[in-house]
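Please keep the sequence and the structure in view while reading.

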Amino acid sequence: MLNDRAIKDPYLRELLTKVQKRYGDRLLGREPADFTDKELTDALRFSDILSRSETAEGRNIALKIVSALYDEFSEDGRYRLFSKNVLVKLGLFPSLAYVEQNGNDSEDAEFKADETIKRQFQRTSDGKHVLTDSQYDVLNRLEDSNHYSFSAGTSFGKSFLFTEYVDRVIRSTNASQNFAFLVPTRALITQVVNDLSDKIDAINKDHKHAQYRIVMNPEIPALFRGGKFIFVFTPERLISYFSTQNPPIDTMIVDEAQKTISDDDRSPLFYHAITLSKQKSVKIFFASPYVPNPEIFLKLIGNSTQEVSRVQDLSVTQNVFFLDLVGHSARQYFDFAGEEGDRYSESDYFENDVATIITTLSGGTQSLAYCNSIQATIDAARREADELPLLVSASLTSLAASIRETIHEKYDLAKFVEKGVAIHFGALPQALRNRIEESFKAGDIRYLFTTSTLLEGVNLPAKNLFVLSNKIGLHNLDKLSFRNLIGRAGRLAKELSGNVFVIRQDSKWDTETFDSLFTEEVPALETEIISGKGKFYTNVGNVLLDKGPTRQNDPAWKKRQLSNYASIFAYQEKAQVGSLLRTALVEKGKDARQVLQQVRKITVPETILMTSISIKPKYQEAILKNDDRFELPETYDYDACLSILHELSRLYNWGEEEDGRYLGREGNLSYYAVLMAEWVNSRPLNVIIKNTLAYCATNEHQIRIDHKTFVTFDNSPEHINQVINDLMKELETIIRFTVKTYINNYLQLTNQMHSNWSNYLNYGTVDQFIIELQKLGFERHEAIELSSKARDAFEININEEIIDIDTSRLRQVELSTDTRRSVDKLLRGISISA
């Protein structure tokens, strides 16, 4: 075939290299090599031929050619005709709309016929959009399957595809099903909800008999009962949902599925959540980025591995550069170089100031910068802001004022945004993250410095991505994470390509390591649950037998991971849940018989084990058998909170089981008691911060600098910002998750479920009305505002549940912008917050 010959033609590889190098030279401010009129025509002809290829490589080369030539030749008549033809052939209708909006009005009878046919068959159910060819293929597979797993590039549009799938199923089944989306972190909940909101609003208008509600908490509010639901849950929330009698979930979509088997201590939660879903006969669909073996997720839960797809077609291309500030060189890497072609070009590069590099290479377009930690993110953003002038922008001035009011007057982020710079990480309050994301998408924020929230699926693409670290947490960037990260460069429907600049600032990241990340294929994913490598099942059994691990040098996260899998096994064995973990441990565990005997001795009810996998069964068993129980206080001040923390530390052996930087350090408990008391007493975040800073100053509190060194708090701006960032993170991870998990477990084991301490910690209040408002979907600060201004607009039943709303009264109340927006969406029938 013609495209087979074309893809093997050495002249194509020569042109590909020349086209890409010319793009790079122009971007880096260098004089590009000559590019003749004939070469332009030949390159475009190759793109036309390969756009019809039956291979993803051929189609991707076609897109690479037209994307690399766009900036320079978008006004050229030949380019306009060929590029539009290529985009139609590839079915990239968002990109087609982009070039048409920018003046490409070329017409041709051949591609017009193709376009008309595709627009007819690949349009969305509301008729407003057209699916790409790859999206259309995957959607058909989803509709025809009871389970399915697929992988695709970061810019594939998975969220868009899933909302379309849900829309179609609801319409085709007469609104009879409930759905769930399983996401890695709370940071992703709001994004998924926002993606769904408009679709569900339209569906509800068409199906008056079955109104859909989007629910993000495990407890369904009384006001929503009787309808149909789309749940958006983290693994913890899904497990909690399954622990009580709730409406069945028919279909679940697991986005960022690679997190279910990642090397961290959260992967057991994912595994537990999806095995519980399988036990409940939920249809499960997995989506992941760039994974070469997406069938692994089906195998993990014992499903057939036939229903899989690996989408390798690109929607946006990336231009990748490695700027070595140590070796004073710049490399541009070439896609599709072939075995004989040059993989990169290299030249001198003497700029060594990262902030200047980011400003210069961004060229007036928006940029993301990836950093490894919160502190590194803040430091890089500060250096960037120091290089820039104040911007005259009403929206940024308003955002800065809001930060000073709701966080702290000395919080550095306020100064950053006044210069068009922002930071983004998971511990920031959801309302603030929302405003930052909106400002970035509106173009007001020009430079956004972010942690690994980018790798968790937060949808914040930009024209340029600067990679400032080679690590994720304590781990080096692996090939999958790197591909997922650089896929954020380039926005479908806003440009044809994005730029990636990997910046080496020290000797820790050598060029050979980067070469392998970019030029080598992403390896097949593995999981010890399937492979049993590293004596995995023996080590899981050793936890239950109270033996040490076979590998004494395992990091702390690995030990927690093994402990969590041991708790999952104990639950599955007692509940007789069929699973790969349970079967394989019996078959492969060194002391499987002793492990089974030990599990049979456990008297903790399986329903408690199910919701407490992060706590070793031996501690739960000891508490269950101890008649001398600790009654949780009915007061909520500092002393009450401190007494709870000390008792939990003793009962659950926090000194050994918890991280010594946090709950595992006895001296930290008084600090956490301050946070806990402020939190449950409905204090606004700015008040919690103010009071915590006062505590730190009065008590000469030791704070961590650079995650290692402890120093005495001195009330300097640096220390104030450190405490604020630590506080926001620890409210989320320590108070709302870890302490809440222990308290909930203790209440269950000691028959104190009449106590509401678990909810108080989860929702940050002892006011039941504020809790009920958050169940409806309001953010905590919005619920506090509504409680003070509009409590009389809500009807409460004898159980203190909200059962009706006086909508006319609620519309009359003067509310903040965030709260008013949430109220309006609630009154339209959609709950929108995390």
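The crossing of H27 and H32 is right-handed. The model is predicted.

**Packing of H27 and H32**

- Helix H27 spans residues 617-625 and helix H32 spans residues 717-749; the two pack at an angle of about 40°, with their axes 9 Å apart.
- Angles under 35 degrees would count as roughly parallel and 65 to 115 as roughly perpendicular, and H27 and H32 are therefore oblique to each other.
- On the H27 side, the contact is made by Gln620, Ile623 and Leu624, which meet Asn745, Tyr746 and Leu749 of H32.
- Sorted by class, this contact of H27 with H32 has four nonpolar residues, two polar ones and no charged ones.

**Helix H22**

- Helix H22 (residues 536-544) is largely enclosed by the rest of the structure, because nine of its nine residues are buried.
- The buried residues of H22 include Phe536, Tyr537, Asn539 and Leu544.
- Among the elements that cover the buried residues of H22 are helix H21 (528-531), helix H23 (556-575), helix H24 (580-588), helix H25 (592-600) and H27.
- Aspartate 546 follows H22 and has a positive phi, near 60°.

**Aromatic pairs**

- The count of aromatic pairs comes to 33.
- One of these is formed by phenylalanine 536 and tyrosine 565: the ring centres are 5.5 Å apart and the planes lie at 80°, so the pair is edge-to-face.
- Phenylalanine 536 belongs to helix H22 and tyrosine 565 to helix H23, so this pair ties together parts that are 29 residues apart in sequence.
- Phenylalanine 536 and tyrosine 565 are both buried.
- Tyrosine 636 and tyrosine 760 also form an edge-to-face aromatic pair, at 5.3 Å centre to centre and with 85° between the planes.
- Tyrosine 636 lies in the loop between H27 and helix H28 (638-651), and tyrosine 760 lies in helix H33 (residues 757-763), so the pair ties together parts that are 124 residues apart in sequence.
- Tyrosine 636 has a relative accessible area of 22% and is partly exposed, whereas tyrosine 760, at 11% relative accessibility, counts as buried; buried means under 20%.

**Aromatic cluster**

- One aromatic cluster is formed by Phe322, Tyr333, Tyr344, Phe482, Phe514 and Phe518.

Note on methods:
Residues numbered from 1 in each chain as written. Predicted model: local features only at pLDDT ≥ 70, side-chain atom pairs only at ≥ 80, totals over all residues. Heavy atoms only, no water. Axes fitted to C-alpha atoms, helices over the stretch in contact; angles between N-to-C directions. Helix = DSSP H or I, 4+ residues; strand = E, 2+ residues; numbered from the N terminus. Parallel < 35°, antiparallel > 145°, perpendicular 65-115°, else oblique. Left-handed = near helix turned anticlockwise from the far one by under 90°. Contact = heavy atoms within 4.5 Å. Nonpolar A, V, L, I, M, F, W, Y, C, P; charged D, E, K, R; others polar. Buried < 20%, exposed > 50% of the residue type's maximum accessible area, 1.4 Å probe, protein only. Phe/Tyr/Trp six-rings, centres within 6.5 Å; stacked < 30°, edge-to-face > 60°.
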